[in-house]
Amino acid sequence: MKGQKGIMKTPQFVESRPQSAATYMHTQREKKTGSGNGVFYQILGFGMIVVLIYMYFGGIALSSFDEVPTLSFVGRNGTQFMLDGKAFYVNGWNSYWLMAQSVDEDSRPRVREMLKTGATLGLTVCRTWAFNDGDYNALQISPGRFNEQTFKALDYVIAEARQHGIRLLLSLVNDLNAYGGKNQYVKWAWQEGLGISSSNDSFFFDPSIRTYFKNYIKAILTRKNTITGIEYRNDPTIFGWELINEPRCISDLSGDTLQEWIEEMSAFVKLIDKNHLLTIGLEGFYGPNDPKDLSVNPEYWASKLGSDFIRNSKTENIDFTSVHIYPDQWFPNQEFEDQLKFVHKWMVSHIEDADTVLKKPVLFSEYGFSDTMENFTLLNREKMHTTISNIIYKSAKKNKSGAGALVWQFLVGGMKEFSDSYGMVPYESSSTDSVFIKQSCRLARIKGWTHIMKVSNNFVSKNCGKEY
């Protein structure tokens with residue numbers, strides 16, 4: 001939980017439009033040098049009009065995606081992710097804003113810069129939002145109605161990620177209010193006179209809202225990318241799907257309501273898409289009937305949220321589970337060293353559960369350290385990142401279920417309004433970058449999948465010495 005993480009901003013951009021076809025034709029006519037070349041220039045002008053129109057409505061210059069790298073689907077074998085027959089461990093990041101920043105041409109270069117930077121650091125997976133419900137530049141304007149311009153922005157994110165060898169973990173809805181969230185679905189149902197409860201949690205049990213969300217899932221999974229021509233469900237650029245970011249259903253502390261929703265929605269996803277991995281989006285809190293409720297959970301409140309790490313993660317159609325790590329928010333008054341001790345206990349506990357009980361990979365899909373904490377220093381942040389990386393590395397060496405981690409969050413320059421106190425701009429601190437580069441090298445070496453890095457500018461050969 002990070003409070004208001006991912007709050008939607010409404011940036012102001014200078015309007016920029018392609019030259020109109022009519023203007024282009026007039027310009028070509030003015031450039032003619034003689035009557036003998038008139039027909040030639042008319043044909044040339046007409047051809048360029050066709051190209052401009054295609055570029056305008058396609059939303060991207062064709063030359064940007066001339067060569068499409070070949071990728072394989074990431075799969076699972078027991079407690080490990082698999083890629084091309086080898087165990088695959090994740091070192092990656094969160095940039096929730098990729099689709100939002102791809103809508104406008106002026107901000108779109110930020111997306112390419114971010115994905116290119118991730119590849120330069122040897123990172124392989126980025127988690128980002130594949131939703132924006134009823135907000136500024138909404139993807140889903142109302143139930144079943146979509147903004148094609150925003151959908152093309154998501155097309156661009158996927159196509160650009162493929163160019164850099166980055167896979168995407170795409171989240172489908174927010175439990176929080178940012179970018180619409182489950183609260184927006186409840187509002188829609190009430191506006192249409194279909195809602196059976198005004199409770200925010202009716203997202204999980206209202207039949208009409210469940211139908212809204214299923215329709216959304218189907219629209220996303222069967223979307224044909226206007227740039228690559230590949231349906232999302234058939235695109236290996238997508239690492240996997242996340243049902244919902246940080247689900248909580250505090251109106252039913254038994255956990256039955258959320259569990260039934262997870263079972264129904266996960267089965268629906270798999271009915272449409274059997275290619276991709278699926279996770280829930282859990283924070284990792286143990287339920288009230290779990291013995292780790294008091295011994296491992298941050299505090300008593302963590303078991304009173306209607307979620308249950310073990311029970312939820314056991315769901316048949318869930319391929320891997322997720323855990324978030326925010327000791328700075330859970331223990332704001334603790335000494336930093338005590339927070340680090342909790343991180344170790346928290347991660348080891350979930351890895352052991354994934355190994356022995358769930359028999360599935362566990363991805364630590366969010367972790368961070370806020371610069372608003374009293375004990376914040378850049379060195380402390382790097383120590384926390386190193387602690388998390390080391391635990392993943394040790395798990396990988398032992399063929400355990402600790403499948404990787406995704407830091408919250410990376411930005412590019414000029415995006416302070418998106419930072420939420422956790423944001424980092426790679427290359428602003430070489431010592432911070434070295435933590436991620438080192439982890440990328442260690443994970444690449446340990447399982448022999450250096451060939452995977454070829455798309456990422458031959459990362460291993462350029463950055464990883466024998467010490468890794």
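W241 touches L169, L170, L172, I220, L221, Y232, V269, D273, H276, L277, L278 and T279, leaving aside residues up to four places away in sequence; contact here means heavy atoms within 4.5 Å. The model is predicted: local features need pLDDT of at least 70 and side-chain atom pairs count only at pLDDT 80 or more, while totals for chains, interfaces and linings use all residues. Residues are numbered from 1 along each chain as its sequence is written, and side-chain values use heavy atoms, with hydrogens and water left out.

**Nonpolar cores**

- W241 is one of five residues, with F203, F213, I220 and W261, that touch the most other members of the largest nonpolar core, which has 105 residues.
- A nonpolar core is a set of buried Ala, Val, Leu, Ile, Met, Phe, Trp, Tyr and Cys residues joined through side-chain atoms within 4.5 Å.
- Buried stands for under 20% relative accessible area, exposed for over 50%, and partly exposed for values in between (1.4 Å probe, protein chains only).
- Helix α13, residues 336-358, gives the most to this core, with 9 residues.
- Apart from this core lies another, of 13 residues, among them F88, L277, A403 and L406.
- In soluble globular proteins, nonpolar side chains tend to be buried together.

**The chain as a whole**

- The protein chain has 16 helices and 13 strands, taken as DSSP runs numbered from the N terminus (helices H or I, at least four residues; strands E, at least two).
- Of the 468 residues in the protein chain, 57% are buried.
- Among contacts between residues at least 6 apart in sequence, 75% join residues at least 24 apart.
- The accessible surface of the protein chain is about 19200 Å², and 51% of this belongs to carbon and sulfur atoms; accessible areas come from the Shrake-Rupley method with a 1.4 Å probe, and for residues only the protein chains shown count as cover.

**The β1-β2-β3 sheet**

- An open sheet is formed by 3 strands in the order β1-β2-β3, with antiparallel pairing; two strands pair if DSSP finds at least two bridges between them.
- The edges are β1 (75-77) and β3 (86-88), each with a single partner strand, so one side of each has no neighbour in the sheet.
- From one strand to the next, the twist averages 55°; axes are lines fitted to C-alpha atoms, for helices over the stretch in contact, and angles run from 0 to 180 degrees between N-to-C directions.
- Antiparallel pairing of β1 and β2 runs over 3 bridges, and R76 stands opposite F81 in β2.
- Strand β2 (residues 80-83) also pairs with β3 in the antiparallel sense over 3 bridges, where L83 has K86 of β3 as its bridge partner.
- The hairpin of β1 and β2 has 2 residues between the strands, and G78 takes a positive phi near 65° there.
- In the hairpin of β2 and β3, also with 2 residues between the strands, D84 takes a positive phi near 55°.
- Q80 and M82 point one way from β2, F81 and L83 point the other way, and all are buried.

**Cysteines**

- The whole structure holds 1 disulfide, defined as a pair of cysteine sulfur atoms within 2.5 Å.
- C441 and C464 form this disulfide, with their sulfur atoms 1.9 Å apart.
- Helix α15 (residues 430-446) contains C441, and C464 lies in the segment after α16 (459-463), so the pair ties together parts 23 residues apart in sequence.
- The link of C441 and C464 is left-handed, with -80° about the S-S bond, and both residues are buried.
- C126 is buried, at a relative accessible area of 0%, and C249 counts as buried at 0% relative accessibility.
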